[in-house]
Amino acid sequence: MNIAFGHSNTDFDCLGSLILIKKLFPDYRLIRSNHISPAARNLFDFYEGYFDFLTPKDLDGERIDRIIIVDTCMAERVAEYLTHIRDSDPEILIYDHHDTGGCNILGARVAGAPLGANTSYLGRLAMAKSLVLSPEEATIALTGIYADTGRLIYENVRRDDYEVAAWLLDMGASLKLVQSFLEVVKEDEQIEVMNRLLQKNTRSIIQGHEVLLSYLELEENVSGLAAVVEKVMDVENPDACFSVFYIVKNKTILLIARSQRSAIDLHQILHVYGGGGHQGAASAQIKDREGPLFYEEFLAYLETSLTPAVRAGDIMTREVVSVHESRSLMEASQMMEESDHSGMPVLNDEGTVTGYIGLKDIMKGRKAAAMKSPVRAYMVKPAISAVENITMREVERLFFKHHIGHLPIVNEGKLTGIVSRWDFLQYQKRRNYYE
Ligand SMILES: [Mn+2]
């Protein structure tokens with residue numbers, strides 16, 4: 001018998017991959033995990049019939065010739081199946097879009113590419129074979145791609161993800177259904193918790209990061225709390241979010257965290273509580289602790305464990321061309337041309353920034369035939385400037401609030417650098433999205 005399966009805690013991308021395996025390799029039986037991720041549960045229940053799954057137990061006593069594994073190359077994530085495969089020496093083929101360098105499934109052949117979703121890689125194979133999918137199969141696959149790529153916007157997204165998504169639409173995938181499967185906050189209990197979180201959240205600045213903190217007591221565990229925290233994260237858009245739930249019924253603390261800054265490594269931070277996950281998403285379960293006391297202790301721990309945020313001084317351009325306020329517009333215009341800048345901070349005798357002069361201001365002077373006037377007369381004032389240790393959040397706010405493209409940076413009143421929109425966008429590009 002030939003079989004195929006994905007990792008435990010089956011997610012949308014696993015299901016999307018498996019539905020395509022069924023089309024690409026019709027002589028393989030799909031095996032379902034005993035653990036379906038809560039988020040993917042709805043889609044799984046809805047379409048279970050399309051997969052025609054066997055369970056790991058069904059493998060007892062079977063001779064397995066070939067195995068296909070999707071969306072993981074780590075043995076510990078497929079242990080629940082492997083323990084049922086005995087007396088066989090199957091050929092193993094893995095399709096995985098993760099970094100497969102650390103693959104620890106011995107003797108396996110590994111295929112795949114670093115696409116946003118594993119489903120996209122198999123979709124490519126299906127496209128090459130001109131396979132035809134039913135609308136249901138296309139919907140399952142498209143949900144997999146949307147889930148793993150944050151609806152095609154995460155950093156991991158490649159052209160192939162778009163092309164396969166387009167092909168799936170051609171095959172009749174329903175975006176309405178995809179959306180409803182991805183909408184994981186829909187149970188009344190979840191919505192109630194979400195409202196309470198939105199009310200009780202406090203926003204703090206820790207080491208320069210904007211962090212959302214909350215402590216909530218729940219009578220009993222609510223399924224899908226992680227999805228609720230993610231939704232709150234979406235609404236509030238902090239750098240990171242830490243939600244501490246105290247479950248009264250079994251006296252357990254559930255700590256759920258999300259981060260969208262690479263400087264905040266949640267896996268590392270929650271490690272001391274025996275939790276873990278990824279850099280951007282992690283959780284921990286803590287037993288036998290008083291809720292409020294734990295929360296207090298956790299806040300103190302956060303203060304010491306967060307790495308300082310990037311600040312204006314870290315990314316600013318240090319070589320700034322500036323102009324004295326008594327220079328003429330003509331001179332300023334020449335300086336801009338020579339230095340290839342579209343604007344400059346203006347300084348007084350003390351070296352203090354008193355304004356900003358841009359090409360637009362010089363144009364005004366030119367129209368008024370006043371090119372001999374001092375810069376002082378045409379500059380934009382008061383000067384918007386900031387100190388080196390303001391965070392990137394604050395830099396962004398100043399850009400938006402004052403509609404400026406350059407932010408002069410001063411230290412003890414003296415100009416030390418400038419952050420342009422370009423510097424800011426470069427910084428934004430380097431930022432990590434979470435998976
Ligand atoms: Mn995946």
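The sulfur of Cys103 lies 4.3 Å from the closest cysteine sulfur, that of Cys73, which is too far for a bond. A disulfide is a covalent bond between the sulfur atoms of two cysteines, and is assigned here to a pair of cysteine sulfur atoms within 2.5 Å; the structure holds 0 disulfides. Cys103 counts as partly exposed because its relative accessibility is 24%, whereas Cys241 is buried, with a relative accessible area of 1%; buried means under 20% relative accessible area, exposed over 50% and partly exposed in between, with a 1.4 Å probe and protein chains only. The model is a predicted one, in which local features need pLDDT of at least 70 and side-chain atom pairs count only at pLDDT 80 or more, while totals for chains, interfaces and linings use all residues. Residues are numbered from 1 along each chain as its sequence is written, and side-chain values use heavy atoms, with hydrogens and water left out.

The manganese ion is coordinated at 2.2 to 2.4 Å by Asp13 (OD), Asp71 (OD), His97 (NE2) and Asp148 (OD); donors are N, O and S atoms within 2.8 Å of the metal (3.2 Å for Na, K and Ca), and sites may look incomplete, since water is not among the atoms. Along the sequence, these donor residues follow the spacing D-x57-D-x25-H-x50-D. Asp71 is found in the loop between β3 (66-70) and α3 (79-82), and His97 in the loop between β4 (91-95) and β5 (109-111), so the pair ties together parts that are 26 residues apart in sequence. Helices (H or I, at least four residues) and strands (E, at least two) are DSSP runs, numbered from the N terminus. Asp71 counts as buried, at 1% relative accessibility, and His97 likewise counts as buried, at 8%.

β3 and β4 run parallel and are joined by 5 bridges, with Arg66 opposite Glu91 in β4. β4 also pairs with β5 in the parallel sense, over 3 bridges, and here Tyr95 stands opposite Ala111 in β5. Of the 5 residues of β4, 4 are buried, which leaves this strand mostly covered.

Tyr95 also belongs to the largest nonpolar core, a set of 46 residues in which Leu15, Ile21, Phe51, Ile68, Tyr95 and Leu168 touch the most other members. Such a core consists of buried Ala, Val, Leu, Ile, Met, Phe, Trp, Tyr and Cys residues joined through side-chain atoms within 4.5 Å. Helix α1 (residues 12-24) supplies the largest share of this core, 7 residues. When residues up to four places away in sequence are not counted, Leu15 touches Thr10, Ala40, Leu43, Phe44, Phe51, Phe53 and Ile140, contact meaning heavy atoms within 4.5 Å. A second, separate core comprises 25 residues, including Ile206, Ala284, Ile286 and Leu302.

An open sheet of 6 strands has the order β6-β7-β8-β9-β11-β10, with mixed pairing. Its edge strands, β6 (202-206) and β10 (276-277), each pair on one side only. Strands β8 (residues 240-247) and β9 (residues 252-259) run antiparallel and are joined by 8 bridges; the bridge partner of Phe242 in β9 is Ala257. Helix α8 (residues 188-200) packs on the sheet, touching β6, β7 (209-218) and β8, and its direction makes about 130° with that of β7. Helix α11 (residues 291-305) lies across β6, β7, β8, β9 and β11 (281-287), running at about 170° to β7. For these angles, axes are lines fitted to C-alpha atoms, for helices over the stretch in contact, and the values run from 0 to 180 degrees between N-to-C directions.

Technical notes: Two strands pair if DSSP finds at least two bridges between them.
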